[in-house]
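User: I would like a close look at one part of this model. Please keep it brisk.

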Amino acid sequence: MPRKISSVAPDWWDYTTLDGELIRDAAMLSPKDLLQLSRSGFRVVFYDTLQEFYLAEAMEYISAWRQATPGQPCGICGPIGPTEQLPLVAQLVNELHLDLSNAHFWAMDEWVENGKGVSTAHPLSFERADRELCFNRINPGLKMPEAHLHFPRGDFLEYKNAWEDVRCVVMQGGQGEIKHWAFNDPPKREGAYRDQPPSPEEYRHLKTRIVDLHPVTLVQNARTSGGGNLAGVPRQAITVGPYETWKAEKVSIWHAGNHDNPFGQRLTALMISKGIRDSSVPMSLLADHPNVQFNYYRHGIGMCEVEMH
C-alpha cells in the first residue's frame, strides 16, 4: 500500500506519512506511560525543575571531560538548542578547576549559505553561540586546546577525522519538530525515495554532510532563534551524521518542551522503545543504538488534547 503524502510538505518525507494507528497511540501516552517506555538500552528520565534539568545536562560535559587523559583523550558532542546548559558548563569547569587539556568537543552542526558554513559573524552561527555561552567563559588556565574544538566548517575533513581518532563519551541533542537530532532531517520525496523513504540501514550510513532542511525545521528555527523571521534562516546546514552518532557511547536527548511539541516528545520515545524504525522519523532510528537516554522536563511534556486558543 502506498505511503501517505505529507500533510505539511508534499515533496518531503516526515512523520505525517506514518500509519494513523501509530500516531493515535503516541498521542494517547500519559507522562506515566512515557516513563514505562524505558527498556534495556533506552532510558527515560524526568526532572521536576528546569534547574535540575539543565544542571544534569551540563554535568554530562563534566563527567565526559573528567575521563580524558593524555593517553586516552575523549570528549562530548553538544547541540545549540538547547543552550541553557552552556554557561553552567563553563561555571562548573571554573569552580571545579577542571583541566581540559586532554578533553575534546564536537559541535553538532552549522548553518550553510552559498555552499559554505557560515562564519562566526553570522547572527545565527552555532560556533559563535558555543564560544560566547561556554568556551570563552572558561578560565584561561583550564581551557582545552583550540585544536580540540571540532566545528564542522570548510570541507569538514578535520571534523570527520576527529571522530575516527578520539573517543566520544556522549552525544547530546535536542529534538526538532520534524523529529531530528542535529539536522538529520527526513529526506525529500524524490528519485529513488519517491514512494518509500530510505531504509534505516541506508540512513544509518550517512556521514557528516551538507543537507537541505525540511520546511518545518526552517519554521522552527525562525521561531526559536530568529524572532520568527523566516527570511533570515539559511536553507541548508552541515550536520553530524548517523555514522558519527553511532561512534558515541551514549546518545542523550534533552526535551525541555521548547523545541518539539507534546506529540513529538511522545512519538519518538514510543518508536524507539518498541523498535519501530522509519527514516521519515529520523530520531526513531536510535532504536538501534545500544545506549540512548531521553531526558524530560516534567512540566514541558504537556498533553495531546484539543485546546482552542
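In which helix is Leu-88 found? Please describe its surroundings too.

Analyst: Leu-88 is found in helix H4. This is a predicted model, where local features need pLDDT of at least 70, side-chain atom pairs count only at pLDDT 80 or more, and totals for chains, interfaces and linings use all residues. Numbering starts from 1 along each chain as its sequence is written, and side-chain values use heavy atoms, with hydrogens and water left out.

Helices here are DSSP runs (H or I, at least four residues), numbered from the N terminus. H4 covers residues 85–96, and Gln-85 belongs to it.

Take Leu-88 in detail. Its relative accessible area is 28%, so it counts as partly exposed. That class lies between buried (under 20% relative accessible area) and exposed (over 50%), using a 1.4 Å probe and protein chains only. Leu-88 contacts Tyr-54, Leu-55 and Ala-58, leaving aside neighbours within four places in sequence. Contact means heavy atoms within 4.5 Å. Leu-55 is 33 residues away from Leu-88 along the chain, yet their C-alpha atoms are separated by 6.9 Å.

Now Gln-85. Its relative accessible area is 0%, so it is buried. Setting aside residues up to four places away in sequence, Gln-85 touches Tyr-54, Glu-57, Ala-58, Tyr-61, Pro-79 and Gln-172. Tyr-54 and Ala-58 are among the residues Gln-85 touches, and Leu-88 is in contact with Tyr-54 and Ala-58 as well.

How values were computed:
Helix = DSSP H or I, 4+ residues; strand = E, 2+ residues; numbered from the N terminus.
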